[in-house]
Amino acid sequence: MNNKTRIGIFAGSFDPLTNGHFDLIKRSSKIFDQVIVLIAVNTSKTALFTALERFALIEAVIKDIANVKVDVLEDDLVANYFKKVNGTAMIRGLRNSQDYEYESNIDIINKKQNDELDTVLLYADNQYRYLSSSLIKEIATFHGDISEMVPEEVEQAMKVKYNYPK
Ligand code: ADP
């Protein structure tokens, strides 16, 4: 029997964290001993929230789940971080076939960096399958209702960013 602590690393941009992400965090916290939500700075996306702002928001959202913590990945590959913290598996979400194609490429790239790096893919919950951070930003640009799409803390922060009328 292997008594090693099973650490799942859920890496993503989380710009911002959505209810879909949060659902995945809760579900994976039941599968792994510890889950690390890793804010990876995506070089191909212009961010709305700074890494620090995202860190504070996610910390507030996950505060009641004992075995989940947040970290920021700066100037490094996810594969190196995985090795450094002795990770068991990466966690990613699958909403549709586009995600599948994208995730399978990432898996190949990760494996080229570290052949022990495996990814656990969890299906997005049906009620959140349509959700993406970019969709939420688009709705918020026009001051739309995002209350069912993001946790309360994120909704408040989005309203400030996008100057919602009081
Ligand atoms: P990235 O830029 O790395 O794709 P995201 O923050 O967009 O970062 O997504 C991080 C992970 O969360 C990805 O695996 C993505 O498929 C998954 N994800 C995104 N939206 C949802 C959702 N609504 N439900 C479940 N998983 C999701």
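**Note on the largest pocket and its surroundings**

1. Strand E1 (7-12), helix H1 (19-28), helix H3 (78-84), strand E4 (89-94), helix H4 (97-113) and helix H5 (133-141) each give at least two residues to the lining of the largest pocket. Helices (H or I, at least four residues) and strands (E, at least two) are DSSP runs, numbered from the N terminus. A pocket, on a 1 Å grid over the protein atoms alone, is an open set of points where a 1.4 Å probe fits, with protein on both sides within 12 Å along at least five of seven lines; lining residues have an atom within 4 Å of a point.

2. The model is predicted: local features need pLDDT of at least 70, side-chain atom pairs count only at pLDDT 80 or more, and totals for chains, interfaces and linings use all residues. Residues are numbered from 1 along each chain as its sequence is written, and side-chain values use heavy atoms, with hydrogens and water left out.

3. How large is the volume of the largest pocket? The value is about 1,400 Å³, where a volume is the space filled by probe spheres set on the grid points, and points are joined across faces, edges and corners. The lining has 50 residues, and those closest to the pocket centre are Gly12, Ser13, Asn42, Arg92 and Tyr102.

4. Which element gives the most to this lining? Helix H4 does, with 9 residues. By class, the lining holds 19 nonpolar, 18 polar and 13 charged residues. Here Ala, Val, Leu, Ile, Met, Phe, Trp, Tyr, Cys and Pro count as nonpolar, Asp, Glu, Lys and Arg as charged, and the others, Gly among them, as polar.

5. The UniProt record, an unreviewed entry, lists Ser13, Lys45, Val78 and Arg92 under "binding site". Ser13, Lys45, Val78 and Arg92 from this set are part of the lining of the largest pocket. UniProt positions are given in the numbering used here, feature names are shortened, and annotations may be inferred rather than shown by experiment.

6. Arginine 92 is in strand E4. Is arginine 92 buried or exposed? Its relative accessibility is 18%, so arginine 92 counts as buried; buried means under 20% relative accessible area, exposed over 50%, and partly exposed in between (1.4 Å probe, protein chains only). The side chain of arginine 92 makes a polar contact with that of glutamate 103, at 2.8 Å. A polar contact is a pair of N or O atoms within 3.5 Å; within protein, one must be able to donate a hydrogen and the other to accept it, and residues adjacent in sequence count only if both atoms are side-chain atoms. Not counting residues up to four places away in sequence, arginine 92 touches several residues, including Gly12, Leu24, Tyr102 and Glu103, where contact means heavy atoms within 4.5 Å.

7. Why is helix H1 described as largely enclosed by the rest of the structure? Of its 10 residues, 8 are buried. Among them are Asn19, His21, Phe22 and Leu24. At the start of H1, a side-chain oxygen of threonine 18 comes to within 3.1 Å of the backbone nitrogen of glycine 20.

8. Proline 16 sits in the loop between E1 and H1. The peptide bond joining aspartate 15 and proline 16 is cis, with omega about 5°. Lysine 137, in helix H5, is in contact with Asp15, Pro16, Leu48, Met158 and Tyr162, leaving aside its neighbours within four places in sequence. A polar atom of the lysine 137 side chain lies 2.9 Å from the backbone oxygen of aspartate 15. Lysine 137 counts as buried, at 18% relative accessibility.

9. Asparagine 86 lies in the loop between H3 and E4 and is partly exposed, with a relative accessible area of 48%. Histidine 143 lies in the loop between H5 and helix H6 (152-161), and its relative accessible area of 36% makes it partly exposed.

10. Alanine 40 is in strand E2 (residues 34-40) and counts as buried at 16% relative accessibility. Alanine 40 touches Gly12, Ser13, Arg54 and Leu73, not counting residues up to four places away in sequence.
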